[in-house]
Amino acid sequence: MFDNADALMLARIQFAFTVSFHFIFPALSIGLASYLAVLEGLWLKTGRQLYLDLFRYWLKIFAVAFAMGVVSGIVMSYQFGTNWAVFSDKAGPVIGPLLAYEVLTAFFLEAGFLGVMLFGLERVGRKLHFIATLMVAGGTAVSAFWILSVNSWMQTPAGYEMGANGQFLPGPSWIDIIFTASFPYRLVHTVIAAYLSTAFIVGAVGAWHLLKDRANPHARTMFSMAMWMAAIVAPIQIFAGDLHGLNTLEHQPAKVMAMEGHYRSHPEGAPFIVLGIPDSEARRVAFSLEIPKASSLILKHDPNAPLAGLDTVPEQDQPPVGPVFWAFRVMIGIGFAMMGLGLWSLAARWRGRLYDWRWLHRAAIVMGPSGLVAVIAGWMVTEIGRQPFTIYGLLRTAGAASPLDAPAVGASLLAFVVVYFAVFGIGTWYILRLMHAAPKLHELGVRRGETGPIRTAGITPGPARHVGGHASPPAITGEG
Amino acid sequence: MGIDLTALWAFIIAFGIFAYVVMDGFDLGIGILFPSFAAGEERDQAMNSIAPVWDGNETWLVLGGGGLFAAFPLAYAIILPATYPLIIAMLLGLIFRGVAFEFRSRDPRHRTFWEMAFSGGSLVAALAQGMVLGAILQGIEVENRAYAGSWWDWLTPYTLLTGLGVAAGYALLGATWLVWKTEGGAQAHAYRLAFRATFATLALLLAVSLYTPLLAAQYWRRWFAMPGVLFAAQVPLLTAILAGLLLWGLRRRWQAGPFFLALGIFLLGTVGLGISIWPFVVPNELTIWDAAAPMRSQLFMLVGVGLTMPLILAYTGWAYWVFRGKVGTEGYH
């Protein structure tokens, strides 16, 4: 009837493509929404115009990123049914309700308060507006909770019963389904990743404007806040990632074997392969640079502990090694580079030269997108490393797809690729242009469009006041 | 347990779909009508009137899809592959429509392009949604818990008719919304459009209503056999009354009334659909009970809906209230 293998591969590529593109935007929205809440909170607390300016500056960027997250997210909610119908039928009773809770508790919250957050400051006043910002930030975090719960259930399924018709049915306890073994680790690691990615983008924008004008107070504040995040949160993230890895070793050992490039078992302590070229034909890593016994030390906290390799896993149950191995190295490489930048910024701060060290600023600019790269690499590790299963150990990817003809999947994949690169490419360009404009005193807010070059307008700007002065925030007119 | 959870869930999903259709319906309708408004101030008014709410409106589509997945996974797994190209077209249309809100104002050189993307995306999404509806009503081939037809089965004269019908109905909602929210030249134009959209919607509604009973004996019996006809006949009767009132209100230059009368016509259309299809979710193949998720899933979600839906309706209502009144031409100073 149709070529199963082609349609399956195309469906997998389509899901990987649409979800990778999509996740960049939520990662940014999760981080930026919280950053905006912090900025607005600081403005309300201190009354400093500087924080309101920064709030408005990042709000414009947030609006564009959020719109792209919304439209690419709707695609995801239908991809399960269009391309993975068998999976939807079988797993729907278990994960469907979790997704429904995501819509009910997160999506409506974000979307319902977004309009007020973007356009409503003058209409509702400061306090209610701050609440709207908190609701949007909270919505993004709650959304992460549910979707990662779904993903974790697919990685480490629990709390289900098998129905006579082959469906996964919920067991007596929803707690067991929501809080599976890998969920706490995945949630912490992913949410920190979103915050860290955003911090590095904020830091890069701050650094960019410091290079142009090291006295710019807005750039200084942004850069300083971001570098605190890098110095404090990057090491926490490495620690959280390590815990997540140990959890994966316990529940999905084959994934860790692929991450490590361990084709064969090491009964007397396994080396950590720093770099090398995995050769799945020869079942070895060529040109490898190894640290003897380091892998056993990291994973078992004992240099001589035996560590099993892929030779202990039946061939039809093994994940592909190459992409998992490489993506893992990209992720941890970036993680340590982030920590390095954080330490460098601490040294600069210690010397009182945080806003003067040009090379620090240049490095921060280069590192700007690194968080998002690490996030995508991390998802590649965990998703490709789960193969050949969709529901780990229970439902094979090959048996989860929709009964579709390859041309249908291929044509839609092509359409997604063209549209995503065009639309989100232009959107990213708009974001870069907003970032390129220097933040300034009495930054203009997001406004519903009036006919003008850029959709912005000030809110009854008060008399010019010095940044950092003790004046209260400019009066905000109520109705009208 | 005395209550039929599955039937309750069918009503919840129907409510979600109805909420989506009327709320995003007027957004999409404005998109469809957008090029007929003068560039500049009139289009700004049209866009401004939905900019703060469109995202919340679109969320009901995610609830419809997610809710169907959760409460009736088998229906979700059959309908989506059966209407695959339509769903993809709808999603791509919604992408262009959605980003246009933000992108339109980012660069004056790109403005015309994003306005056309806004309009084209809205039209494609509206047509695709109408055709999905038609494809479900005309029947889907099912074998072994899976869609068994080919990937062009959905394309028939009937689905073209339902596609156009939904697009016209959305245009009616959009035009009456703009009558309510705009003033000056934009409002005068919106009145004219609302007239035309009313006639187009009624004509297509009539055509679909006459065509549907010919598709299957079940539909025929539902609409024309005694004693059901006594109940069913109320639907077209009420529709005719509302339509007459709508035309009269437009002539009398009512402000908010026409929008709510258009909503009423949509509500009756939804009831009509319910009469045709109940209790099937895929006609003659799958009843709601065949497709239902187990009771544990439905009960768990019912708790969620019960706790959150009043809050959602409250803060959604509040967001509309914040942006009440005419949009004006230059934002809010």
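Let's start at one residue. B:Ala75 touches B:Leu68, B:Val281, B:Val282, B:Leu286 and B:Ala291, leaving out residues up to four places away in sequence. Contact here means C-beta atoms, placed from the backbone, within 7 Å.

A note on the source. This is a predicted model, where local features need pLDDT of at least 70, side-chain atom pairs count only at pLDDT 80 or more, and totals for chains, interfaces and linings use all residues. Residues are numbered from 1 along each chain as its sequence is written, with chains lettered from A and ligands numbered from 1 in the order in which they are written.

Now the core. B:Ala75 is among the residues with the most contacts inside the largest nonpolar core, alongside A:Trp58 and B:Phe72. That core has 257 residues. A nonpolar core is a set of buried Ala, Val, Leu, Ile, Met, Phe, Trp, Tyr and Cys residues joined through C-beta atoms within 7 Å. Buried means 20 or more other C-beta atoms within 10 Å of the residue's own. α3(A) supplies the largest share of the core, 23 residues. Helices are DSSP runs of H or I, at least four residues.

Next, the interface. 64 residues of chain A are in contact with 66 of chain B. On the chain A side, α3(A) gives the most, with 23 residues.

Last, chain B. How is chain B divided? Into domain 1 (19-293) and domain 2 (295-325), with bounds from an automatic or database domain assignment. Their centres, taken over C-alpha atoms, are 22 Å apart. Seven residues of domain 1 of chain B contact seven of domain 2 of chain B.

Definitions and conventions
Two residues are in contact if their C-beta atoms, placed from the backbone, lie within 7 Å. Helices (H or I, at least four residues) and strands (E, at least two) are DSSP runs, numbered from the N terminus. A residue is buried if 20 or more other C-beta atoms lie within 10 Å of its own, exposed if 12 or fewer, and partly exposed in between; C-beta atoms are placed from the backbone.
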